[in-house]
Amino acid sequence: MIDKLVIQIPFARFAVSGVYADESDKECSPWTRQGTFQVIPAYLPFKRGAKEVYYDEKGKLKADDLYCPWESLGTDHGGLAIKAFDRGNGMLPWPYLEIKCSPAKLVQAHNVWGTDDPEPCVTNMLAVLTARYPDLMGCGGLPVLNIADARVSEVDITYSVRVPGESKRKALIDVLRHTSKGQTKNRGDSYESTVYFGSKDSRLKKIKVYLKGPEILRDLEARKKKKQVLPHESVVKAAQDLVRFELTIKKDWLERRRLPTRLRDFIRFFSNDPAQLRTVYSTGMKD
C-alpha cells in the first residue's frame with residue numbers, strides 16, 4: 001500500500017517574479033528553469049517566519065530572511081504537512097509548494113491497511129489543501145499552483161507479514177539487525193522494534209522494517225492528546241502481530257528506471273494497473 005506520498009507543485013508563472021538566466025528558460029519545465037525567482041507576496045497565504053528579528057535605530061521591530069515554515073493542515077483523522085519554498089530550495093530555483101502525508105491516516109485515522117491506488121490518495125490530499133487555501137487551486141480565479149507540472153518526489157510503499165508471538169517478532173528484528181546483502185546494509189541506528197537499511201540521506205531509496213504494534217500504540221497516545229479520531233480497537237488489535245517492510249523510493253530512483261514522476265502520469269500508470277506498485281516494491285526490496 002501507499003504509506004506516504006510527497007508531492008511538489010510549482011507556482012504558476014504569473015505568481016512569480018524574478019530574472020531568468022536565459023530567455024530559453026521561459027519555455028522550460030519549472031523544474032529545469034534557471035534564474036533567481038520569488039513568489040509575489042500577494043500569492044503567499046501561508047504562515048510566515050523570520051530567521052532574524054530585531055529593533056532598528058527607531059525602535060521599530062524588524063524581521064529579516066522571511067520564510068514559510070512547515071504547516072500542518074489538520075483533519076479529524078490526520079494531517080497534511082505543507083511548506084512553500086517561495087524562493088526555490090537552492091538546487092531548484094523555481095518556487096514550489098511541497099505537500100506530504102500518510103494518505104491512509106488522512107481519511108481513516110490509521111495506516112494498518114490502505115490502498116495501492118494513488119488516485120484517491122492524491123485526490124484527498126488536494127481536497128484538504130483546497131479546503132484551507134481555495135485560491136491556490138483556482139477557486140474564484142486563476143490557480144496559483146501549476147498542477148499540470150506537479151511531480152512525485154517520494155513515496156513509501158509498505159506491506160506486512162503477520163508474526164504471532166512478541167518474542168518471535170523481536171527475534172526477527174534482531175536477525176535483520178545483523179543482516180546485510182550487497183550494498184544494502186543496516187545503517188547502524190536501529191532500535192528495539194525497528195531496523196533501517198541504506199543511507200539516511202540517500203537520493204534513491206531506503207528500507208525500514210519495524211513492528212507495527214508499538215508504533216500504533218504511540219500514535220494512539222498522540223491522537224488522544226490532539227483529540228483526533230481514534231482507530232477502532234479491532235484495528236489496534238490487528239496491528240499487534242504485524243511486522244512491516246517499508247520501502248521509500250525517491251524521484252531519482254523512479255527516473256533511473258524510466259518510471260513516471262509527473263503527478264498525472266504517475267497516477268495514470270499506477271491506477272490503471274495497481275499490480276505495478278507491487279512490481280516496483282519487489283524491485284526495490286529484492287536485495
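About 500 Å³ of space lies in the second largest pocket of this predicted model, and of the 20 residues that line this pocket, the closest to its centre are Gln8, Ser153, Arg203, Lys250 and Lys251. A pocket here is an open set of points on a 1 Å grid over the protein atoms alone, where a 1.4 Å probe fits, with protein on both sides within 12 Å along at least five of seven lines, and lining residues have an atom within 4 Å of a point. A volume is the space filled by probe spheres set on the points.

The model is predicted, and local features need pLDDT of at least 70, side-chain atom pairs count only at pLDDT 80 or more, and totals for chains, interfaces and linings use all residues. Residues are numbered from 1 along each chain, and side-chain values use heavy atoms, without hydrogens and water.

Helix α4 gives the most to the lining of the largest pocket, with five residues; helices (H or I, at least four residues) and strands (E, at least two) are DSSP runs.

Eight strands form an open antiparallel sheet in the order β6-β7-β8-β1-β9-β14-β13-β12, where two strands pair if DSSP finds at least two bridges between them. Because β6 and β12 at the edges each have a single partner strand, one side of each is left without a neighbour in the sheet.
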